[in-house]
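Reader: I am new to this structure and would like to know what lies behind the words used for it. Could we set some of the values against their cut-offs, one after another?

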Amino acid sequence: FPTRRSSDLIIKEEQIRGEENMLAKNDDHTRSIIWRSVMSVTSVVIILIAVFFLVRMFTMNPLEGTWDYEDSDLIMTIKGNNTAIIKWPDEFDDNQIAVSMDYDIDSKTKTFSLRLNTDAVKKAADSEGISEDVITQALDRLDGTYDYNMEQNQLTLTDREYGSQLIFEKE
């Protein structure tokens with residue numbers, strides 16, 4: 001004799017089979033609603049990803065990164081917040097200090113302007129015990145406006161006033 005417990009199990013099995021049959025039925029309307037929902041969500045996600053990459057492509061700084069000068073140990077790290085970090089041990093009396101300079105970039109005219117940041121020079125001189133004049137003299141050589149050209153991993157800065165070139169390789 002089946003006990004109450006086993007009869008409950010039989011009833012539950014029948015309910016489960018009934019639900020499986022209900023899911024197996026061809027309900028085109030429900031399937032259509034689910035398909036439209038899935039397609040709508042994936043379309044929105046694809047559009048958001050495309051917008052993200054388009055905005056990033058047209059608003060990002062093409063010079064951002066770390067650049068190594070060919071002719072000396074000058075290393076220039078260009079950051080997105082209009083700050084360029086300069087490391088130049090040959091010119092800074094063999095000290096491994098990093099001094100920040102301000103920059104502006106114009107992607108339309110392809111110009112890059114570096115400007116001396118006197119506060120950063122004072123801070124670097126005080127922290128390393130090096131003369132401000134040594135740092136200022138070195139950075140004055142970089143201070144100016146340049147036309148820039150990028151080809152693969154090479155950055156060429158051409159001085160707009162004198163035409164001298166600085167050639168950097170991307171690290």
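**From values to words**

Reader: Why is serine 100 called buried?

Author: The model is a predicted one, and in it serine 100 has a relative accessibility of 19%; since buried means under 20%, serine 100 counts as buried.

Reader: Where is serine 100 found, and which residues is it in contact with, leaving aside its neighbours within four places in sequence?

Author: Serine 100 belongs to strand S4, which covers residues 98-106. With those neighbours left aside, its contacts are Thr83, Ala84, Ile85, Asn117 and Ala120.

Reader: What lies 2.7 Å from a polar atom of the aspartate 159 side chain?

Author: That is the backbone nitrogen of glutamate 161, and because a polar contact is a pair of N or O atoms within 3.5 Å, the distance of 2.7 Å falls inside the cut-off. Not counting residues up to four places away in sequence, aspartate 159 also touches Thr145, Tyr146 and Ser164.

Reader: What makes S7 and S8 paired strands?

Author: Strand S7, residues 154-159, is where aspartate 159 has its place, and five bridges join S7 to S8, the two running antiparallel. Pairing asks for at least two bridges, so S7 and S8 pair. Threonine 158, for instance, stands opposite glutamine 165 in S8. In the hairpin of these strands, which has five residues between them, glycine 163 takes a positive phi near 85°.

Reader: How many bridges join S1 to S8?

Author: Three bridges join strand S1, residues 65-69, to strand S8, residues 165-170, and these strands run antiparallel; with at least two bridges needed, they therefore pair as well. Aspartate 68 has glutamate 169 in S8 as its bridge partner.

Reader: Which residues touch the most other members of the largest nonpolar core?

Author: They are Phe112, Ile135 and Leu142, in a core of 31 residues, to which helix H3, residues 118-128, gives the most, with four residues. Leaving aside neighbours within four places in sequence, isoleucine 135 is in contact with several residues, among them Phe92, Ile97, Val99 and Val121.

How values were computed: Residues are numbered from 1 along each chain as its sequence is written. This is a predicted model: local features need pLDDT of at least 70, side-chain atom pairs count only at pLDDT 80 or more; totals for chains, interfaces and linings use all residues. Side-chain values use heavy atoms; hydrogens and water are left out. A polar contact is a pair of N or O atoms within 3.5 Å; within protein, one must be able to donate a hydrogen and the other to accept it, and residues adjacent in sequence count only if both atoms are side-chain atoms. Contact means heavy atoms within 4.5 Å. Buried means under 20% relative accessible area, exposed over 50%, partly exposed in between (1.4 Å probe, protein chains only). A nonpolar core is a set of buried Ala, Val, Leu, Ile, Met, Phe, Trp, Tyr and Cys residues joined through side-chain atoms within 4.5 Å.
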